[in-house]
Amino acid sequence: MQNGSRHPVSLWVAAFALTAALQIFRGALEDTIIFVAGGLLILLSTNVLAKINLPSAKLTAGSNLDWAGMILLFALAFTPRHTFFNLGIFVLLLPLVLFMAWGAHSEPVRQLTKRDRATRFAWSAWAIVMCLWEFSANILGQLSKVPDAFPTISVLVDPILKLELGQAGFVVVWLLVGYYLLKAGIK
């Protein structure tokens, strides 16, 4: 995770800090901890930890990533959400994800093609729109004392995720997208 921008601090750190502030406003301690820790990790990765090179190629080589994805698929698709067991899966996966994020496959900053710039712009625009929706709905819901009047994306999606088939389908799509991004990043 390199800071290849012109900014002295990664814009991801600012995004995580802003999201952590929203979690404090919401009174969501667990989410605050997640976003503060994520922001600190990104900040450290652009400075102190930038020189560390973990052996990610070994973890993503061959069928290791395929097997890890299948295990994760079954673990997340068929375990109840918001449980200690489900949280444990994520906590145990953190070291593996760190090994995959830092490593030999991270590439130096290079000149982006027109297609890469368009893709980066599209993803950035989508992310900003989704963040504005979430922040606005969350703040308006908190201030009005009627959160359902201004539903966040999680409130809209939650009825689907409460169904076993909905949770399994979401996990499959989520993991396939992540798998594709990891494989594309390796190439």
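Visitor: How is one to read the surface position of a side chain; for instance, is Lys-162 buried or exposed?

Guide: Lys-162 is exposed, because its relative accessible area is 62%. The terms run as follows: buried means under 20% relative accessible area, exposed means over 50%, and partly exposed lies in between, with a 1.4 Å probe and protein chains only. This is a predicted model, in which local features need pLDDT of at least 70 and side-chain atom pairs count only at pLDDT 80 or more, while totals for chains, interfaces and linings use all residues. Residues are numbered from 1 along each chain as its sequence is written, and side-chain values use heavy atoms, with hydrogens and water left out.

Visitor: With which residue does Lys-162 form a salt bridge?

Guide: Side chains of opposite charge can pair when their charged atoms come close. A salt bridge is a side-chain nitrogen of Lys or Arg within 4 Å of a carboxyl oxygen of Asp or Glu. Lys-162 forms one with Asp-158, and their closest N and O atoms are 3.7 Å apart. Asp-158 is partly exposed, at 22% relative accessible area.

Visitor: How many salt bridges does the structure hold?

Guide: There are two. Asp-31 also pairs with Arg-26, the closest N and O atoms being 3.2 Å apart. Asp-31 is partly exposed, with a relative accessible area of 28%, and Arg-26 is partly exposed as well, with 33%.

Visitor: What span should helix H1 have?

Guide: Helices are DSSP runs of H or I with at least four residues, numbered from the N terminus. The expected span is 1.5 Å times one less than the number of residues. H1 covers residues 11-26, so its 16 residues should span 22 Å; the end C-alpha atoms are 23 Å apart, which agrees. After H1 comes Gly-27, with a positive phi near 80°.

Visitor: What of helix H6, and against which helix do its buried residues pack?

Guide: H6, residues 114-144, has 31 residues and should therefore span 45 Å; the end C-alpha atoms are 44 Å apart, in agreement. Its buried residues include Phe-135 and Gly-141, and the buried residues of H6 pack against H1. On the side of H1, the buried residues are Val-13, Thr-19, Ala-20, Leu-22 and Gln-23. Just after H6, Lys-145 takes a positive phi of about 65°.

Visitor: Which residues is Thr-32 in contact with, leaving aside its neighbours within four places in sequence?

Guide: Contact means heavy atoms within 4.5 Å. Thr-32 lies in helix H2, residues 29-46, and is buried because its relative accessible area is 12%. With those sequence neighbours set aside, Thr-32 is in contact with Ala-20, Gln-23 and Ile-24.

Note on methods: Helix = DSSP H or I, 4+ residues; strand = E, 2+ residues; numbered from the N terminus.
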